[in-house]
Amino acid sequence: MAIAAITGGGRRPPCRRGPAAVAPPARFSCRCGTHPVPRRNVLSTMLSTSTVILFGSKQITLAEITGATFREYIDTFDGYSFLYPKSWIQVRGAGADIFFRDPFVLDENMSVEISSPSSSKYVTVEDLGPPEKAAERVLQQYLTEFMSTRLGVRRTSNILSASSKVADDGKLYYEVEVNIKSFASNNELAVMPQDRVKRLEWDRRYLSVLGVENKRLYELRLQSPEQVFKEEEGDLRRVMDSFRVNKTLSEARCGDLGIPNNGSHQFRVRARFH
């Protein structure tokens, strides 16, 4: 991973003629008075920033608008973008292509999953069938991931909604919303049945947006405890609405040059600022 940064020089001796004409470091603050500060804005700054990070041949852009609640994540290598709450932090090694979570509510997070380019040849999201069929697939995938070897664990699930939409980029997307509850007993090996009472472990809302581009299936996933979802539904749906899949530079150049894109061609990618 190569990350380029511009920093100051080495250690300088103190100057007695007055402070140097440099900007003071940015500081985070939170005023707690008659106007409470929303939890999501505690870590936010009011500066407009854009950051470009290079991971090998993969380049992404993090763009922030002055005073905004969200940042924009743009991945030009894999071909997708979305908004995310500016106080959320990125977690590496989570297994997804990208993963962010709320630093205050650890069960609230979001990620992007992408199908393998060598094993998938999607043309449109309708290849999954109607939205209801896609919702069943999404739910089954969640339940498979949450399978537990613990004794007495029981999961209940429900598909809350499944719909399709054409976004402002002219592409078709599926939106799926499910609820999953987990029940377990802390004393499953007890002899008496009354000592093996199952209690609610967690109750979560899962939101998915599915789109197809570059012959690959993209899925934006949002997870939130039901109690938190009621408070932050507006922000989470804003993230859902912002998800876009885009043609990658390699796919576009292969098409222009008449070259089959079989993964053997490498192109330099440049991210655009917003």
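Buried means under 20% relative accessible area, exposed means over 50%, and partly exposed lies in between, using a 1.4 Å probe and protein chains only. By that cut-off, buried residues make up 38% of the 274 residues in this protein. This is a predicted model: local features need pLDDT of at least 70, side-chain atom pairs count only at pLDDT 80 or more, and totals for chains, interfaces and linings use all residues. Numbering starts from 1 along each chain as its sequence is written, and side-chain values use heavy atoms, with hydrogens and water left out.

**Overall make-up**

- The protein has 3 helices and 12 strands. Helices (H or I, at least four residues) and strands (E, at least two) are DSSP runs, numbered from the N terminus.
- Contact means heavy atoms within 4.5 Å. Of the contacts with a separation of 6 or more, 54% are between residues 24 or more positions apart.

**The sheet**

- An open sheet is formed by 7 strands in the order β5-β6-β7-β11-β10-β9-β8, with antiparallel pairing. Two strands pair if DSSP finds at least two bridges between them.
- β5 (89-90) and β8 (154-166) stand at the edges; each has a single partner strand, so one side of each is left without a neighbour in the sheet.
- β5 joins β6 through 2 bridges, running antiparallel. Here Q90 stands opposite F100 in β6.
- β6 and β7 pair antiparallel over 4 bridges. I98 has V112 in β7 as its bridge partner.
- β7 and β11 run antiparallel and are joined by 6 bridges. N109 has Q223 in β11 as its bridge partner.
- In β7, 5 of the 6 residues are buried, so this strand is largely enclosed by the rest of the structure.

**Nonpolar cores**

- A nonpolar core is a set of buried Ala, Val, Leu, Ile, Met, Phe, Trp, Tyr and Cys residues joined through side-chain atoms within 4.5 Å.
- The largest core has 25 residues. Those with the most contacts inside it are Y80, F82, F100, M110, V112 and F243.
- Two or more residues of this core come from each of β3 (70-75), β4 (80-85), β6 (98-101), β7 (109-114), β10 (199-213), β11 (216-225) and α2 (226-242).
- A second, separate core has 18 residues, including Y122, Y142, F146 and I180.
- Beyond its neighbours within four places in sequence, F100 is in contact with Y73, F82, Y84, W88, I89, Q90, N109 and M110.

**Helix α2**

- α2 bends by about 80° at E232. The bend at a residue is the angle between axes fitted to the seven residues ending there and the seven starting there.
- The buried residues of α2 are E226, V228, F229, E232, L236, V239, M240 and S242.

**Glu213**

- E213 is found in strand β10. At 14% relative accessibility, E213 counts as buried.
- Its side chain makes a polar contact with the side chain of K247, at 3.5 Å. A polar contact is a pair of N or O atoms within 3.5 Å; within protein, one must be able to donate a hydrogen and the other to accept it, and residues adjacent in sequence count only if both atoms are side-chain atoms.
- Leaving aside neighbours within four places in sequence, E213 is in contact with K171, Y218, V245, N246 and K247.
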